[in-house]
Amino acid sequence: MTELPISDPLREQLIEAARQFTGEARPLKDLLLSIARDIERAASEPLEIFPVCHHSPASAFHMVRRLTESAPKVIYMEACEDLYTVVRYLQDCKLPVALQGFAGKSEGFPEAWNPLSVILPLTEASAEYQAIAYALQHPDDTELVFVDRAVDYVFQWMPQEEDALDRQIPGKEELLSEEAGMHGTAIGLQLGDIEPTFEQFLEFLLRNACVRHFAEWWDQYVEQAVISSDYQTYRQVMFMIGSLFRRLGKKDDDIETDRLRERYMWTRIKQHIAAWKINPRDAIYICGAAHTASDVEEFGLDNDKMWDIPGPTGTEWIYGIIPSSFAAIEHQFASPAGTVSMAEETWKKSLTAGKLRPFKLENTKKKRKPAARPGSPDQADSPIHGFLTRAPVLVHADETRLLRRCADIVALARKNGYLASTADSIAIYETSVLLANLRNRPHPSPYDFQDAAITCLEKDRTPKKRDVRQLCQILFEGNRIGTVGYVSLPPLVQNLYDRLAPLDISLTAKTIQRALMDFRSRPELAGCSDVLWRLNYLLGDHVVQPIMGERTLGHTRVQESWDIRIGKYQGSVIQLGYEGVTLEQVLEQRIRQRAFEGEAGAGITLGVAEDSILYLDSPRLTRELGEHAMHLLLDETGAGDAPEIFARIRRLVHYYRSARTGLPDWIQHFVATGYSHYATLLPNAFEDRGTSPEQIAGMLGFIFTLESLALSMGCQRSQLMIGVQQAGQTADDPAKIGLLWTSEWLLGLRSIEEIREFFNRMFSNPLMMPAFPDYLNGFMLSMNFTQRIAPFVVELFSRVFASAPDARLMTWLPELILRLRSCGPLLQILIKEASSSFPSALQDFETWHEPWITGQISEEQEEESACEELSDVEEIVRSLVLEAPETMNVIAKLLADKS
């Protein structure tokens with residue numbers, strides 16, 4: 001490349017600077033001359049290059065000034081070219097927002113990366129947004145062209161490792177607020193990312209400037225210096241900084257990625273200029289300052305070299321706009337809290353001082369007539385030479401603003417529970433001035449004020465929700481949250497807003513909206529309720545939360561109350577719009593995905609089938625899911641999901657029995673299949689130590705509770721008899737034995753007297769007593785499928801409390817209480833049975849006998865009862881019983897059947 005001429009004053013200044021810094025000036029001289037060549041090459045390019053820094057108020061200010069003075073015919077911008085499709089929808093949005101590219105599934109990338117998401121945040125105080133707003137306001141005069149690589153290449157040019165994407169995404173543990181996580185797991189794009197990535201260089205830079213963050217360094221040494229300069233000086237200073245950081249502050253991997261992007265962008269620019277016969281002097285190229293020092297051969301329009309751009313993968317991308325926030329932007333790009341709000345304040349202050357009006361998209365009908373294009377800068381008299389040789393202009397401190405802030409932060413702290421006074425305002429002011437002097441600043445910056453406020457006001461704990469740092473952000477206009485307008489929303493979200501319109505609430509509000517629905521007075525709100533329940537199923541309680549009301553099988557809704565936060569979590573709702581056109585379509589896709597994924601078992605699939613009844617009312621889908629659950633049940637070789645399957649199928653059977661359509665075929669086939677399947681698995685389940693008693697109780701509950709339906713479908717009870725008999729030969733766990741004996745008792749294979757006799761021996765044998773709680777647990781679990789065992793459970797509880805020693809009983813009590821608590825509704829049955837077994841009055845215990853004792857009354861009691869006088873009525877009853885025993889037996893049997 002031919003060396004470009006450099007102005008003598010600038011050359012002499014750089015060489016002299018090299019001599020001052022080192023005795024051997026050659027290496028530093030070469031570096032500084034290389035920077036000078038980069039400046040001159042970028043400044044002399046026929047295509048006007050506008051260097052920017054991401055969310056820089058100085059860049060935005062000079063962009064407004066440049067576009068106000070002259071209207072370019074074409075604006076080439078460093079932004080993903082495929083994101084341009086959604087730019088026109090910005091007119092209906094409230095900033096900050098982010099342009100997004102989204103792919104639920106990808107081709108050619110590691111599967112662990114899914115879903116893929118890329119966002120380009122926009123704020124009003126950014127050069128890129130001002131250029132977009134100007135182009136959209138003047139569509140006949142100016143064309144906007146995005147020239148950076150497509151979204152697909154963002155992931156193509158990353159290391160194809162499973163954890164490579166995680167290194168690009170800020171961690172959730174670093175979130176300072178809920179709004180900071182609005183971007184989720186998206187990759188953030190910056191137009192003008194200039195922050196050094198070489199750690200040693202960045203550390204040296206910050207240490208020598210007495211600052212903690214690069215944003216603070218940039219504000220002190222660049223923003224405040226160039227924001228009040230002329231346009232050509234701004235350009236050349238940015239060229240110089242971009243060249244310096246590219247040569248010293250970037251890692252090799254980052255430079256290689258920048259080179260790929262620069263080859264892509266210059267190729268697209270040349271293609272567009274050639275296709276539309278654009279005069280380069282009628283266009284402007286907005287890019288990051290570091291890209292102006294590019295060394296790729298495609299750089300510049302003085303050559304016709306173009307890159308053969310590789311093809312994209314087969315990934316299908318969806319584009320849209322999502323809301324953003326200042327906190328989310330700061331978290332995305334690891335900036336200190338309050339950076340964006342401070343930049344916004346500097347931006348507005350500069351506009352007022354420069355008497356400029358920013359470009360906005362709220363009113364696109366009024367156009368400002370641009371002035372004539374200013375002349376090109378004179379290269380012989382370089383503006384940067386005067387900038388570097390001129391002493392810095394001292395910006396007069398805004399004492400009034402600082403004093404007002406000191407008073408306002410104290411007042412705000414009082415409202416939030418801090419014990420602050422006028423003395424604290426004075427201390428904050430003095431500390432701000434002191435910090436500014438220590439950091440070589442002519443007057444306190446917002447960073448100095450924030451540090452001073454935290455130093456003087458912050459305590460060891462936060463009295464209320466907000467700390468002093470957050471209060472300073474509120475003072476700097478707070479954490480602004482953007483909103484995507486109705487026209488810019490995906491069709492699904494627009495349909496959602498339309499269907500919730502009868503609620504008469506603001507769906508765009510950032511605060512919680514309470515919706516009260518009385519379906520008797522306003523039956524038309526039933527549709528709104530359906531939408532809210534579906535949204536709650538898809539997104540959870542943080543978007544819409546039911547306060548009153550439930551969604552269960554067979555439930556008739558009367559009134560409901562909801563907390564709605566759709567406006568606050570609009571981004572999550574917009575993400576649904578990328579998955580389908582309607583809410584029902586997305587819900588069906590999610591249900592199918594959950595049911596047919598590889599790890600889903602019969603219990604999960606049956607639960608998903610129940611969800612399809614509740615939220616979709618699609619008999620076709622429910623039947624398909626039920627049949628799939630039946631096939632999964634046959635593939636299971638254990639009883640892991642048995643309790644869940646039993647609970648769900650019992651609930652479904654009760655629901656369909658109360659419905660007009662009756663039991664569907666798939667329910668009947670599922671019950672018959674489950675009956676045979678679990679009866680076959682019983683021997684192995686009782687023998688397997690990995691199968692818990694709760695799981696066996698679920699199997700037996702399925703078998704005995706649904707036995708009548710299974711037998712009507714052609715199942716044989718002999719299959720169950722064989723399974724129980726085989727299980728009796730292998731069961732050795734006390735809890736499982738309790739379940740087995742209950743099953744044998746129900747099948748007539750064992751009597752309750754045999755079981756009682758076993759426990760009589762146990763209570764008389766101290767060596768067997770430690771196993772009693774496990775046996776009791778088995779009988780308590782049996783109540784899930786037969787409540788007829790409840791009297792025997794009460795008998796066991798009574799006998800152990802009557803006969804067990806206190807020392808042993810005290811060690812059992814915690815376990816017994818926990819097991820009783822786990823019984824849930826069955827505990828009421830035990831209480832009812834106990835109340836019928838025990839006397840209701842304390843004095844009756846003297847003559848009370850346990851109903852489960854079948855022995856004869858002692859002779860003394862018999863003599864005492866014979867001596868008691870009977871009334872006339874009792875004599876008649878006694879004689880009737882003795883004279884007609886057969887008749888009395890028939891009457892007793894009838895009474896027993898009725899009870």
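**Salt bridges in the predicted model**

1. Being 4 residues apart in helix α32 (residues 806–822), Glu815 and Arg819 are separated by about one helical turn. Their side chains form a salt bridge, with an N to O distance of 2.4 Å. Glu815 is partly exposed at a relative accessible area of 31%, whereas Arg819, at 16%, is buried. The threshold for buried is under 20% relative accessible area, and therefore the two partners receive separate labels.

2. It should be kept in mind that the model is predicted. A search of the whole structure returns 44 salt bridges; the pairs discussed here are among them.

3. Arg594 and Asp611 also form a salt bridge, and their closest N and O atoms lie 3.6 Å apart. Arg594 belongs to helix α20 (residues 583–596) and Asp611 to helix α21 (residues 602–615), so this pair ties together parts that are 17 residues apart in sequence. Arg594 counts as partly exposed, with 38% relative accessibility, while Asp611 counts as buried, with 12%.

4. Which residues does the salt bridge at 2.9 Å (N to O) join? The side chains that meet there are those of Asp148 and Arg149. Asp148 and Arg149 are both buried.

Notes. Residues numbered from 1 in each chain as written. Predicted model: local features only at pLDDT ≥ 70, side-chain atom pairs only at ≥ 80, totals over all residues. Heavy atoms only, no water. Salt bridge = Lys/Arg side-chain N within 4 Å of Asp/Glu carboxyl O. Buried < 20%, exposed > 50% of the residue type's maximum accessible area, 1.4 Å probe, protein only. Helix = DSSP H or I, 4+ residues; strand = E, 2+ residues; numbered from the N terminus.
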